[in-house]
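The sequence and structure are shown first.

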Amino acid sequence: MAPVKVFGPAKSTAVARVLVCLEEVGAEYELVGVHIPAGEQKSPAHLARNESNLSQSAMVDVWLEVESQTFDTAMSAITFQCLTIPTFMGGIADDKIVEENLGKLKKALEVYEARSCRFRYLAGDFISLADLSHFPMAHYLLATPHASVLDAYPHVKSWINDLMKRPAVKRRKMAPAKVYGPAMSTNVMRILVCLEEVGAEYEVVPVDMSTGEHKRPPHISRNPFGQVPAFEDGDLTLFESRAISKYILRKHGSDLLRESNLSESAMVDVWLEVESSHFDGAMSPIIFQCFIVPMFMGGATDIGVVNESLEKLKKALEVYEAQLSKSKYLAGDFISLADISHFPTVYYLLASAHASVLEAYPRVKAWIDDVMQRPSVKKVTEALKMPSA
């Protein structure tokens, strides 16, 4: 029998992986050099070998290697920039890195397109692990603003659509997200309204904070600070409500973050920060004193704390009133997460004995009325049935 031929330089890690397996089984082989500096690996003859008609199992392995070395490599960088950095690190994607890796991805997709013209699936006319292994990164590609890159590769797009319709893939994708925490928590409410905005399926899993369930396993493994909420979407576990909200909106392609426009996106981030530091900062003690203390702790409201926090709230509302004299919404003449993120604490303000504080700020009051009419907000509100304080 003619010895197996391995084409490539011996110092290549990919070639070495093949050679050591040949040595393990004592097989005869011939190493045929490929002069990389001269571009021989791009020659038609070598490209033809790189798609040669091997056995089905070998072809599966070939395309698993392709997925690992080309598709996954390019997509890992894109995913990190477009999803990980903004969602988990609070940063901004480096467009240069994204474009560079989109270029690498396009080169890979050209090879995939050629392959998909000849066969229904990567390893042949049968689905295999070589196809399914692409699911995670294909899933994230479809969730980024760069999903349209597939339009230039119709056979690849059709293959991905086919892959996404697999029952196993659909089960993985369609399992509802889980939100851990009491539905009346402001941080849980923030997540719920975002899930309603994008029409996502979800399940609210109650956490009994009165018994300290949030401080014990298994909840403490989901949120290491022993707080609510915690959020699960497949294998992904998150905590911190504003980060979760951004993840939900990015995953479902919502424009509420305005990420297609850098200046608008920056303004959304500014007012999210204002909401967290000033509006929520003033409202949290008011909510605690007017609702939590009397309703769940059997205590009396500390009017001194309430009045002090109301003064802080008024100072914040003066800034809001000025901003809303310049634009319909906080970040501009478009509604965004910066507006919707206020819903939970606004909900409690309107249910408290201090709602009249808004009378001095007509633009703020009109803005709140607008936000509270959002279908997503109304749906979450109807589910709460909060008694007045």
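The sections below take up the chain as a whole, then a sheet with its helices, a helix pair, and some details of the backbone.

## Basis and overall make-up

The model is predicted, so that local features need pLDDT of at least 70 and side-chain atom pairs count only at pLDDT 80 or more, whereas totals for chains, interfaces and linings use all residues. Residues are numbered from 1 along each chain as its sequence is written, and side-chain values use heavy atoms, with hydrogens and water left out.

The secondary structure of the protein chain consists of 17 helices and six strands, where helices (H or I, at least four residues) and strands (E, at least two) are DSSP runs numbered from the N terminus. Of the 389 residues in the protein chain, 41% are buried; here buried means under 20% relative accessible area, exposed over 50% and partly exposed in between, with a 1.4 Å probe and protein chains only. Among contacts (heavy atoms within 4.5 Å) between residues at least 6 apart in sequence, 66% join residues at least 24 apart.

## The four-stranded sheet

Four strands make up an open sheet of mixed pairing, in the order β4-β3-β5-β6, two strands being paired if DSSP finds at least two bridges between them. The edges are formed by β4 (202-205) and β6 (236-239), each of which pairs on one side only. Direction ignored, neighbouring strands of this sheet are turned by 20 degrees against each other on average.

Strand β5 (residues 230-233) pairs with β6 in the antiparallel sense over four bridges.

Helix α9 lies across β3 (177-180), β4 and β5, and runs at about 160 degrees to β3; axes are lines fitted to C-alpha atoms, for helices over the stretch in contact, and angles run from 0 to 180 degrees between N-to-C directions. The 13 residues of α9 (residues 186-198) should span 18 Å at 1.5 Å a residue, and the end C-alpha atoms are 19 Å apart, which agrees; the expected span is 1.5 Å times one less than the number of residues.

Because 10 of its 13 residues are buried, α9 is largely enclosed by the rest of the structure. The buried residues of α9 include V188, M189, I191, L192 and V193, as well as R190 and E196. After α9 comes G199, whose phi is positive, near 70 degrees. Helix α11 (residues 241-251) also packs on the sheet, touching β5 and β6, and its direction makes about 135 degrees with that of β6.

## The pair α6 and α7

The axes of helix α6 (residues 135-143) and helix α7 (residues 154-164) come within 11 Å and cross at roughly 110 degrees. The two helices α6 and α7 are therefore roughly perpendicular to each other, a class that covers 65 to 115 degrees, while angles under 35 count as roughly parallel, over 145 as roughly antiparallel and the rest as oblique. On the α6 side the contact is made by F135, A138, H139 and L142, and on the α7 side by I160, L163 and M164.

M164 can also be placed relative to L132: their C-alpha atoms are separated by 9.2 Å, although the two residues are 32 apart along the chain. L132 lies in helix α5 (residues 129-132) and, at 36% relative accessibility, counts as partly exposed.

## Backbone details in the loops

Two cis peptide bonds deserve a look. One joins P217 and P218, with omega about 5 degrees, and P218 lies in the loop between β4 and α10 (219-222). Another joins V228 and P229, with omega about 10 degrees, and P229 lies in the loop between α10 and β5.

Positive phi values are also found in residues other than glycine. E240, in the loop between β6 and α11, has a positive phi of about 80 degrees and counts as partly exposed at 42% relative accessibility. R258, in the loop between α11 and α12 (262-296), has a phi near 55 degrees and is buried, with a relative accessible area of 18%.
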